[in-house]
Amino acid sequence: MESRRAFHLSYPALFSIHTEPPMQHTCDIVVIGAGPAGLSFAAAAAPSGLDILLVEQSSEETLANPPYDGREIALTHPSRAVMEKLGMWAKIAEDEIYPLKAAKVLNGGSPYTLDFPAPTDGKGQLGFLISNHNIRRAAYESAKAYPNVRFLTESSVKEALNGNDSVTVTLANGDTVSARLMVAADSRMSQTRRQAGISADLHDFGRTVIVARFAHTISNENTAYECFHYGRTIALLPLGEYMTNCVITIDNRRVHEVLDLSPEALAADLEKQLHGKLGTMSPAGSRHTYPLIGVHARRFVARRTALIGDAAVGMHPVTAHGFNLGVASADLLAELIVQAAAAGRDIANDTLLERYETRHMLHTRALYHGTNFMVKLFTNEAPPAKLLRSAVLRLSNNLPPVKHLITKQLTG
C-alpha cells in the first residue's frame with residue numbers, strides 16, 4: 001500500500017483526467033432542436049446568408065439516417081409546396097409518397113359515415129402520406145447542403161438566456177453559444193420555451209397512441225378512416241392500397257389490452273374491430289407507442305426568441321395537422337427573417353417577431369382548441385354525448401358550408 005501511494009505521488013500526471021476547455025460559439029441564429037421543424041427553418045432561412053447553428057441531442061449519424069418510428073405524416077398541398085421549395089420533396093423516393101385521396105369518419109358501431117371525397121378543384125386528392133423518418137432525412141439533407149448551416153450534435157442545453165442585444169445558450173458540456181436570435185424547436189415539452197419565460201396550455205388526454213403497419217387483402221382505396229369506436233379510436237392511414245398504418249388511441253388504464261397482444265393477435269383484433277373492412281390483416285412492421293399530450297404556447301415569441309414546430313403547437317393527431325403547422329411556422333418565420341436580412345434590419349426586432357406571432361397564432365389557436373373540443377366529444381361515451389356525436393356527423397355531412405370548411409382544413 002505504501003509503495004502504491006508513493007507511485008501516485010511521484011507520477012500524478014499519469015492519473016490526471018484531461019479535459020477540453022469550454023468553447024465559445026458565435027452565430028446569427030441558434031436553433032434548439034434539429035427535428036423536421038428546426039431543419040426546415042434552417043433550410044428556408046439559409047439563403048439569407050446568415051450563420052445558422054443547430055443544437056441537437058442526437059448524433060449526426062442519426063440525423064443523416066433516422067430510424068423508422070412508426071409515424072406516417074399526412075401532408076397538405078401547401079406543405080408539399082414548402083417542401084418542394086426547400087428541395088425536400090425531391091429527396092424522397094416516389095414509391096415512399098402515398099396518395100391520400102379521400103377520408104371517412106365513423107362513430108361507434110354505426111355504419112353511417114362522414115365522407116370527404118377527393119376534391120374537384122384539380123388537386124385530385126386530399127393530400128399525401130410520408131413516413132416521418134423519410135421527412136427527417138430529407139430535411140437534414142436540405143439544410144446540410146448550405147455552408148452557412150452548422151450543427152452541434154450530441155449536445156443538450158443547460159441554460160438559455162435572451163438578453164436585450166443577444167442570446168446566450170450554455171450547453172451541458174460547458175460550451176456557450178452567442179447569437180442574435182434563438183429559435184426553439186425542441187418538442188412540445190420545450191425547455192427552451194420555459195427558460196424564455198413563455199407559458200403554455202398543456203392538455204394530457206390520459207391516452208396512449210399505438211402505431212403499426214398492417215398488410216391486408218381488401219383495398220383501402222387510398223382512403224383514410226377515423227373510427228371513433230367505443231373504448232378506443234382507430235385511425236387508418238393508407239400506404240398504397242394494400243398496406244395501412246393503424247393508429248390506435250386508448251385510455252392509459254387500458255393500454256395493456258393492446259400492448260399485451262402478439263402482432264398476429266393484434267391483427268386479428270383489428271379485423272374484428274373493423275368488421276372485416278380490410279379483409280384478412282397481417283402485421284407488416286414494428287409497433288411504437290407515444291403519450292398523447294397537446295400543447296399550445298400562450299406566446300410564440302419573447303425577447304430575441306421565437307417558437308416553431310411542436311414547441312409552439314403540439315396537436316392531437318386526429319386532424320393530422322401537427323407537421324403541417326410546424327412546417328408552416330418554420331416557413332413563415334424564415335420568410336420574415338430573409339426579408340429583414342436583405343433590408344439590413346435586425347433579424348430579431350420586436351416588430352418582426354410580433355408579426356410572426358400574430359400570423360401563426362391566427363392559424364393555430366382556433367384549430368387547436370376546436371380539435372380538442374371535437375376529441376373530447378367523440379371520446380365521451382355518456383348516452384347524451386353519443387347522441388350528439390351522431391348529430392354532429394350528420395350535420396357536417398349535410399351542410400355544404402360546414403363540410404367545405406372542414407375539407408379546406410384537411411387540404412390546407
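Helix 2 passes helix 5 in a left-handed crossing, meaning that the near helix is turned anticlockwise from the far one by less than a right angle. Helices here are DSSP runs of H or I with at least four residues, strands are E runs of at least two, and both are numbered from the N terminus. This is a predicted model, where local features need pLDDT of at least 70, side-chain atom pairs count only at pLDDT 80 or more, and totals for chains, interfaces and linings use all residues. Residues are numbered from 1 along each chain as its sequence is written, and side-chain values use heavy atoms, with hydrogens and water left out.

Back to the crossing. The axes of helix 2 (residues 36–45) and helix 5 come within 8 Å and cross at roughly 30 degrees; axes are lines fitted to C-alpha atoms, for helices over the stretch in contact, with angles from 0 to 180 degrees between N-to-C directions. The two helices are therefore roughly parallel, the label for angles under 35 degrees.

Now for helix 5 itself.

What does a search of the whole structure find in the way of aromatic pairs? There are two. Rings of Phe, Tyr and Trp (its six-membered ring) pair if their centres lie within 6.5 Å, with planes under 30 degrees apart counted as stacked, over 60 as edge-to-face and the rest as tilted. Tryptophan 89 and phenylalanine 128 have ring centres 5.2 Å apart and planes at 75 degrees, so they are edge-to-face. Tryptophan 89 sits in the loop between helix 4 (77–85) and strand 5 (98–100), and phenylalanine 128, 39 residues away, in strand 8 (residues 127–131). Both are buried. The other pair, tyrosine 140 with phenylalanine 151, is tilted, at 5.4 Å centre to centre and 55 degrees between the planes. It links helix 5 to strand 9 (residues 149–152).

Technical notes
Buried means under 20% relative accessible area, exposed over 50%, partly exposed in between (1.4 Å probe, protein chains only). Angles under 35 degrees count as roughly parallel, over 145 as roughly antiparallel, 65 to 115 as roughly perpendicular and the rest as oblique.
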